[in-house]
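This briefing goes through one protein model, from a salt-bridge pair to the fold as a whole. Please have the coordinates open while reading.

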Amino acid sequence: LRLMPLLSAVMRLCARMPLAALHFFGAGLGWLVYGLSPTYARRCRDNLRSSGICADERTYRTTLRAVIAESGKSITELCKVWFGRDEEIAQLVTCDDWNVVEAAQRAGKGIIFLTPHLGCFEISGLYIAQQLSLTVLYRPPKRAALESIMRAGRARGQAHLAPANVAGVRMLYKTLRRGEAIGVLPDQAPGVGEGEWANFFGRPAYTMTLVTRLQATSGAAVIMVLAERLPAGRGYRLHLEELPAAGLDE
């Protein structure tokens, strides 16, 4: 508990660093964790091979190196994303697809933003919350002492946090009934009895059904969001794509 104020202070101090520097140290952190944790390293290698995205061994090794570095960057960039100045968020993000959101808003039935753990998903929510009111479902960290830091970083702009429990789900339904927007991390493992098993790269994965239920009840638009991490600390490019309601069950 005593370390939390210190951790918060360090993150706020690091937020003053250029994003390129944070990514440089993050790449090093990624390799450090990979080297110190055989279990993590084996899981990275196995998951990458199972994905089937690498055509040959050379591509596999190049991609693995990128995965290791990018994973580390996703940790150190939190300093800038959570505790950088609000105006920095807008400056770091380029979005050419915002017309997708504007079209969904005109329908007036609310929006469900899906932000899977790809790219810098944290900055996706903060950028969107600068443009409109956004209620985000989140799972409290296993270490309760970290929750205050997480909430301080995420609850900015027009962002509101809904815990991943019954009360939080009710908040999501109410938000959509008002025609507003919510954010969900669709690749989080749901609780027992709250999801279904699906094939994922040849392996069974327990997958949430909440998004399908929310959309079916509200008629809200469902928009997939990806914040692509650009090289050399140049920021992020936000990609938005509306998904057809019929495709949510596939």
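With which residue does Glu57 form a salt bridge, and how far apart are the closest N and O atoms? The partner is Arg61, and the closest N and O atoms lie 3.4 Å apart. The model is predicted, and every value below is computed from it.

**Salt bridges around Glu57**

- Glu57 and Arg61 are 4 residues apart in helix H4, which covers residues 57-76, and this spacing puts about one helical turn between them.
- Glu57 also takes part in a salt bridge with Arg49, where the N to O distance is 3.2 Å.
- Glu57 is partly exposed, at 34% relative accessibility.
- Arg49 has a relative accessible area of 48% and is partly exposed.
- Arg61 is likewise partly exposed, with a relative accessible area of 48%.

**The Asp86 and Arg156 pair**

- A salt bridge joins Asp86 to Arg156, with 2.7 Å between the closest N and O atoms.
- Asp86 belongs to helix H6 (residues 86-92), while Arg156 sits in the loop between helix H9 (147-154) and strand S4 (159-163), so the pair ties together parts 70 residues apart in sequence.
- The two partners fall into separate accessibility classes: Asp86 is partly exposed, with a relative accessible area of 43%, whereas Arg156 is buried, with 12%.

**Charge totals**

- The structure contains 11 salt bridges.
- There are 30 positive and 22 negative side chains in the protein.
- The centres of the positive and negative sets are 8 Å apart.

**Arg154**

- Arg154 is located in helix H9.
- Its relative accessible area is 16%, and Arg154 counts as buried because the cut-off for that class is under 20%.
- Leaving aside residues up to four places away in sequence, Arg154 touches Trp82, Phe121, Glu122, Leu126, Tyr138, Ala159 and Leu161.
- Between Arg154 and Asp56 the C-alpha to C-alpha distance is 40 Å, and the two residues are 98 positions apart in sequence.

**Ala232**

- Ala232 has a phi near 60°, which is a positive value in a residue other than glycine.
- The residue lies in the loop that runs between strand S8 (221-229) and strand S9 (236-243).
- Ala232 is exposed, with a relative accessible area of 64%.

**Overall fold**

- The secondary structure consists of 11 helices and 9 strands.
- A compact globule of 250 residues would have a radius of gyration near 18 Å, and the 19 Å found for the protein agrees with this.
- Along the principal axes, the C-alpha atoms fill a box of roughly 50 × 40 × 40 Å.
- Of the 250 residues in the protein, 40% are buried.
- Among contacts with a separation of 6 or more, 70% are between residues 24 or more positions apart.

Note on methods: Residues are numbered from 1 along each chain as its sequence is written. This is a predicted model: local features need pLDDT of at least 70, side-chain atom pairs count only at pLDDT 80 or more; totals for chains, interfaces and linings use all residues. Side-chain values use heavy atoms; hydrogens and water are left out. Helices (H or I, at least four residues) and strands (E, at least two) are DSSP runs, numbered from the N terminus. The radius of gyration is taken over C-alpha atoms; the globule rule is 2.2 Å times the number of residues to the power 0.38. Buried means under 20% relative accessible area, exposed over 50%, partly exposed in between (1.4 Å probe, protein chains only). Contact means heavy atoms within 4.5 Å. Lys and Arg count as positive and Asp and Glu as negative; His and the chain ends are not counted. The place of a charge is taken as NZ of Lys, CZ of Arg, CG of Asp or CD of Glu. A salt bridge is a side-chain nitrogen of Lys or Arg within 4 Å of a carboxyl oxygen of Asp or Glu.
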